[in-house]
Amino acid sequence: MIVVIFLSVLLGAIILGIPVAFSLLICGIALMLQLDLFDSQILAQHLISGADSFSLMAIPFFILAGEIMNEGGLSKRIIDLPMKLVGHKRGGLGFVAIIAAMIMASLSGSAVADTAAVAAMLLPMMKTTGYPVDKSAGLIGTAGIIAPIIPPSIPFIVFGVASGVSITKLFLAGIFPGLMMGIALASLWWWQAKRLNLMTFSKATKEELCVSFKNSIWALLLPVIIIGGFRSGIFTPTEAGVVAAFYALIISLFVYRELKIKDLYKVILAAGKTTAVVMFLVAAANVTGWLITIAELPQMMTEFLEPLIDNQTLLLAVIMISVFIIGMVMDLTPTVLILTPVLMPLIEEAGIDPVYFGVLFILNTSIGLITPPVGNVLNVITGVSKLPFDQAAKGILPYMGMMLTLLGLFILFPSLILVPLQWML
């Protein structure tokens, strides 16, 4: 009965168009009434405690860093360097999009923000030079979901807080899978570009390359500082968010000088709005997560999947298929917040490395960002490209298939994630 109430109230509220955070609260109230635990003071306490976490402080700072970079010219220079390096090759703009998305991912950790920035700068150029718009949009959209995997990843922070898994380990574990995602996309695009009659650009001279590298060096130093800092123990992932925001601000104001003091209000307001949405989701999910534990839903899930516990690969496959289906109709953050407390006890009982599972889980929910009908990144790329939704979805399918294939490889061969992690540690 508890499971029926949980699913029917939550999904019913979402179908009615109620925002996910409020849907989670309504679901929590319904569970409290069913369990005869309703108390508005307890509800308020768990709502507040859900956002009262030092680790979550990284989220507003990384969001602010991303806003500053877009406004302060760092993003533009990040795209200019790969343009000079590979823009002259057949399909060069596609490779530029992948490289730029990976660099942007190492700066902000937001798939939607990175996709919007790269698409706004590259898609018009790809259109005017004769690139197929649907394939170009699909490539950029899929490259955008590398952001939740390469550190600093906001979804890793959310998963780490919800599960109690080390955020530093999650960050380090995401580096190699993120690079593999980029390599897989580049391989598929290379195969497609060979079959297309695409316009090429003139090769940049050594002088132009040097100028471009000199202009972008300050932006490229940021991921080195962030990853090097928390790997060496100089600062925590939370403190890395402060470092990223401060560094981006100084470079934008005093080095590139594209960000003006008067623009700071607009930048901080945009970051504040995005942060408010994420933090309210986290707070509301804490209420539902607490009640899920009280109602013993994780134990029910464990009992249901107990026959598969001895076979880790099969268990992970079943979980990942279920998560993929849920991710098609629910956004990344609420999916992570709702399912993490349900799945983690099962993962621990099966003896699966929680960091390894976290990477698989976030990769899977990231793929949900480009799957119809709800995928946020798919909607962003549809808006920027001005394509009909069905054409944009069709253009993204081959790349989504590549990401699902990569997810399957990670399930079959855990060492692809665990061995590089051990080396990083």
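**Notebook: helix packing and selected buried residues**

I began with R77, which I found in contact with G72, N215, S216, Y256 and E258, leaving aside its neighbours within four places in sequence; contact here means heavy atoms within 4.5 Å. Before going on, I noted that this is a predicted model, in which local features need pLDDT of at least 70, side-chain atom pairs count only at pLDDT 80 or more, and totals for chains, interfaces and linings use all residues. I also noted that residues are numbered from 1 along each chain as its sequence is written, and that side-chain values use heavy atoms, with hydrogens and water left out.

**Entry on R77.** I located R77 in helix α5; helices are DSSP runs (H or I, at least four residues), numbered from the N terminus. R77 has a relative accessible area of 17% and is therefore buried, a term for values under 20%, with exposed over 50% and partly exposed in between (1.4 Å probe, protein chains only). I then looked up R77 and A219, which stand 142 residues apart along the chain, and found their C-alpha atoms separated by 7.6 Å.

**Entry on α4.** I turned to helix α4, which covers residues 58–72 and has 15 residues. From its first C-alpha to its last, α4 reaches 21 Å, close to the 21 Å expected at 1.5 Å a residue; the expected span is 1.5 Å times one less than the number of residues. I listed the buried residues of α4 as A58, I59, F62, I63, L64, A65, G66, I68, M69 and G72. Their cover includes α5 (74–86), α6 (92–108), α9 (154–163), α11 (206–232), α12 (237–255) and α13 (264–294). Just after α4, I noted a positive phi of about 95 degrees at G73.

**Entry on T275.** I found T275 in helix α13. With a relative accessible area of 11%, T275 is buried. Not counting residues up to four places away in sequence, T275 touches P60 and I63.

**Entry on F95.** I placed F95 in helix α6 and recorded a relative accessibility of 15%, so F95 counts as buried. Leaving aside neighbours within four places in sequence, F95 is in contact with V86, R90, A186, W189 and W190. I also looked up F95 and M83, which are 12 residues apart in sequence and 8.6 Å apart in space, C-alpha to C-alpha.

**Entry on α16 and α17.** I examined how helix α16 (residues 332–350) packs with helix α17 (residues 354–367), and found an angle of about 150 degrees and axes 11 Å apart. Axes are lines fitted to C-alpha atoms, for helices over the stretch in contact, and angles run from 0 to 180 degrees between N-to-C directions. The angle makes α16 roughly antiparallel to α17; angles over 145 degrees count as such, those under 35 as roughly parallel, 65 to 115 as roughly perpendicular and the rest as oblique. In this contact, α16 contributes L332, T335, V336, L339, T340, L343, M344 and I347, while α17 contributes P354, F357, F361, I362, T365 and S366. I recorded the residues of this contact as 10 nonpolar, four polar and no charged; Ala, Val, Leu, Ile, Met, Phe, Trp, Tyr, Cys and Pro count as nonpolar, Asp, Glu, Lys and Arg as charged, and the others, Gly among them, as polar.

Terms used: Helices (H or I, at least four residues) and strands (E, at least two) are DSSP runs, numbered from the N terminus.
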